[in-house]
Amino acid sequence: MTTTDAVSVPPRVQRTRRERRRTPVTWVRRGGLSALLFALPLLVIFGVFSWWPIVSAVEMSLQKTNLVDAPTWVGLDNFRAVLSDPLLPTVIKNTAWFALLALVFGYPIPLVGAVLMSELRRRKGFYSVLAYLPVVVPPVVAVLLWKFFYDPRPQGVFNTVLGWVGLGPYPWLADATWAMPSLVLEATWAAAGGTVIIYLAALISVPAELYDAAEVDGASVWRKIWHVTLPSLRGVLFITLILQVIGTAQIFLEPFLFTNGGPNHATETIMLRVYNLAFANLGNNFGQATALSLLLAAFLAVASLVYFRLTRSWSTS
Amino acid sequence: MTATSSSQGSPPPDSLAGPAVPAVPTPRAGVAPGHAGPPATSAVLARSLRARRGASGGPGGRRRRGPSDERERGALSVADWRRPQVAWTWRGMHLALLVLLVVWCLGPLLLLAKFAFTPTQDILTHPMALFPNGFTTGNIEQAWTRYHIGRYFMNTVWVALGSWFVQVLVATTGGYVLSVLRPRWAKALNWAVLTTLFVPAVVLLIPLYKIVVDPPVGETLINSYLAVWLPAGASAFNVVLVSRFFDSLPREIFEAARVDGAGPLRVFWSIVLPMSRPIIGVVSVFAVIASWKDFLWPFLVLKSETVKPLSVYLQSMANVDKGTLMAALAISTLIPVVMFLLFQRMFLRGAGLGGAVKG
C-alpha cells in the first residue's frame with residue numbers, strides 16, 4: 001500500500017497484493033464504508049441530476065422524442081434540422097448583439113464603480129449595500145417593474161423623465177431596434193452590483209507594498225490606478241469577462257418576460273429558441289431543442305478554451 | 001484565491017478573536033487576527049461581543065471588517081488625501097457616485113414602493129408625481145386577499161427551505177468525503193464534480209425535465225417540490241466552496257478526535273459542522289437567494305396553483321390591474337431586501353467569495 005513500493009513493483013503484482021490485503025472487513029474497518037455512506041447524497045444527487053442528464057442530453061439529441069411516445073433514433077437529423085432552421089441566423093445574431101451590448105454597458109461600469117468605491121475611507125459598506133441592492137430583487141419582479149417603466153406612451157415612466165430634458169418619447173420594447181438595448185439596460189441594472197462586489201473583494205487584496213513602491217517612484221494617483229490597481233485586477237477581469245459572455249449567451253428570462261422574442265423575432269435568443277422548440281405550443285420537439293443546446297454548449301466550450309489559451313500568457317492567476 | 005479564501009481559511013479560534021480586534025484601539029497592521037492578544041482576554045471579549053450581536057452575522061461574516069481593513073490601503077495614500085486638489089476631486093467623484101447609486105439602484109425600488117400605495121389611475125397617468133390624488137392601501141389589500149400573494153409566498157418559502165436543506169446536506173457530506181475522509185476514489189469523485197462546473201446550464205434543461213417527468217423511481221415529480229429541491233443539490237459550486245473550506249481546517253483536530261475514539265459520523269457532526277458555520281452560512285445565503293430568484297425551472301415543473309412559487313405566479317399576473325401588480329411586486333421584493341439588509345455582511349462576503357472561487 002505504501003507509495004514507495006507501488007513505484008518499484010510492477011502493476012500486476014501490486015494489484016494482487018492489494019486484493020489480498022483489502023478484504024471487505026478491513027475495508028469497513030478503515031472507514032471505506034462510512035466514506036461511501038457520506039458520499040451517498042452527493043453520488044445520488046449528482047448522478048441523477050447532473051451526470052446522467054449530461055449523458056442523456058447527447059442521447060436525446062440523436063432521438064425524435066416528445067417524452068410521451070417511445071423515442072426513435074434519428075441520427076444527426078436533429079442537428080441538420082436545427083442548422084437549417086431559417087430562424088437560426090436571427091437568434092444567433094440577437095444573442096451576439098445582446099452579449100455585445102451587455103459587455104459595452106455592463107463591463108466598464110462596475111469596474112469604474114468598484115475602483116472609486118475601494119478608495120472610500122468611510123461608508124464603504126453603505127455604498128456596497130446600495131450597489132448590491134438590485135441583485136437581491138427577484139428577477140421576475142425586476143423585469144415586470146421595468147416593463148412598466150418602458151411604457152411607450154408619453155406618460156410612461158422613462159418617457160416622462162426623459163421628457164423633462166426634452167427627449168423622447170421613445171418606443172422602448174415596442175420597436176425592433178430599441179427592444180434589445182432596453183433588455184440589456186435592465187439586465188445590467190440587475191447584475192452590475194454582483195460584479196462590483198467581486199471587484200471590491202479583489203481590490204482589497206492588492207498588496208499595499210505595490211502602492212508604497214509606486215509612491216517612492218513618485219507616481220501620481222492616476223498612474224497608481226493605471227499601473228498598480230488595474231493590473232492587479234487582471235485575473236478577475238479575465239474571469240468575469242468570460243463568465244459574463246457564457247451567462248449572456250444563455251440569456252432567457254429578459255427576452256421571455258419582456259417581449260417573448262418579439263417584436264418580429266428581434267429579441268428571440270438561442271435559449272428562447274431552445275425553450276420554444278421544447279415547450280411552446282407547437283413544440284415538444286425535445287430532440288431538436290437538445291441538439292441546439294448542445295451546439296451552444298460546444299460553441300461556448302470552444303470559445304472559452306480559445307480565450308484561456310489566448311489570455312494565459314497575460315493572466316497572473 | 002486571494003484575501004478572501006485565506007481569511008476564511010483560518011480556523012475558528014481565529015474567528016473568535018477576529019471580531020474583538022476592532023474594539024482594540026491600536027491599529028494592528030500586519031498582525032494575524034489569531035495573535036490579537038492574550039487568548040483568554042480576546043476569547044472573553046469575543047464572547048461578549050458575539051453575545052451582544054446575536055447570531056445574525058456569524059463569526060465569519062464579521063471578520064472582513066476586522067484588522068485587514070485597517071491594514072489595507074487603496075491607490076490614494078494619506079499624503080494624497082492631504083493634497084486639496086486630489087482630496088476634492090475624489091470627494092466630488094464619491095459624491096457623484098453616491099447620487100448615481102441612489103438614483104440608479106435605489107430609485108426604481110423607491111418608485112415601486114410609491115406605486116404600491118398609489119391609485120392605479122395615477123400610476124398610469126402621472127407615474128412620477130408624488131401621490132397627486134392621495135394615497136391608497138387598496139392595492140396591497142387586493143394583492144393580498146384577491147390574488148393571495150401570501151399563499152404563493154409560502155410556496156416560495158417551501159421551495160427555498162427544501163433547496164437549502166438538500167444543498168447543505170450534499171455540500172457538507174460531499175465536502176467531508178472529498179477533503180477530510182479522503183478515500184482512494186476521492187480524486188476521481190472530485191474530478192467528476194468539477195467537470196460539471198464547465199457544463200452550461202442550458203444543456204441540462206431538457207434532460208432534467210425528462211428525468212423529472214419520468215424519474216427512475218416513483219411517480220412523476222411534476223408539481224412536486226422535490227422536482228426543485230433535488231436538482232438544486234447538484235451544485236458543484238457549493239461542493240467546491242465547502243471542500244476548500246474543509247481543506248483549510250487543521251487536520252490535527254480530526255486526528256486527535258479519531259485517537260480519542262470518535263467515529264467518522266461523530267467527527268462530522270461534532271467537529272466539522274460546528275467549525276464550518278461561516279461557510280455553511282455562505283452556502284445557505286446562496287441557496288435561499290437562488291431559489292428566490294429562480295424562474296424558468298419552477299415555471300416548467302411547478303405549474304399547479306398549490307405549489308407555484310411567487311416568481312412563477314407573478315409572471316401570470318403580468319396583465320392584472322397595474323396598482324395591484326405593483327403592490328404584489330413590492331411585497332415580493334420586501335422580504336429579500338429586508339433579509340439582505342439584515343445579513344448584508346454575509347451576502348456581500350458571499351458575493352465576493354463567489355468571485356474568488358470562480359477566479
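What we have here is a predicted model, and I will begin with chain A as a whole, which is built from 17 helices and two strands. Its radius of gyration is 27 Å, whereas a compact globule of 317 residues would come out near 20 Å, and along the principal axes its C-alpha atoms fill a box of roughly 85 × 70 × 35 Å. Of the 317 residues in this chain, 42% count as buried.

Let me turn to the partner chain. The contact between the two takes 85 residues from chain A and 89 residues from chain B. On the side of chain B that touches chain A, the largest share comes from helix 7, residues 84–116, which supplies 13 residues. That side of chain B divides into 63 nonpolar, 19 polar and seven charged residues.

Finally, I would like to look at one loop of chain A. As background, most residues other than glycine have a negative phi. In the loop between helix 15 (253–259) and helix 16 (270–279) of chain A we find A:Asn260, which is not a glycine and yet has a positive phi of about 50°. The loop between helix 15 and helix 16 also holds A:His265, where phi is positive again, near 60°.

Notes
Residues numbered from 1 in each chain as written. Chains lettered and ligands numbered in written order. Predicted model: local features only at pLDDT ≥ 70, side-chain atom pairs only at ≥ 80, totals over all residues. Helix = DSSP H or I, 4+ residues; strand = E, 2+ residues; numbered from the N terminus. Rg over C-alpha atoms; globule rule 2.2 N^0.38 Å. Buried ≥ 20, exposed ≤ 12 C-beta atoms within 10 Å, placed from the backbone. Contact = placed C-beta atoms within 7 Å. Nonpolar A, V, L, I, M, F, W, Y, C, P; charged D, E, K, R; others polar.
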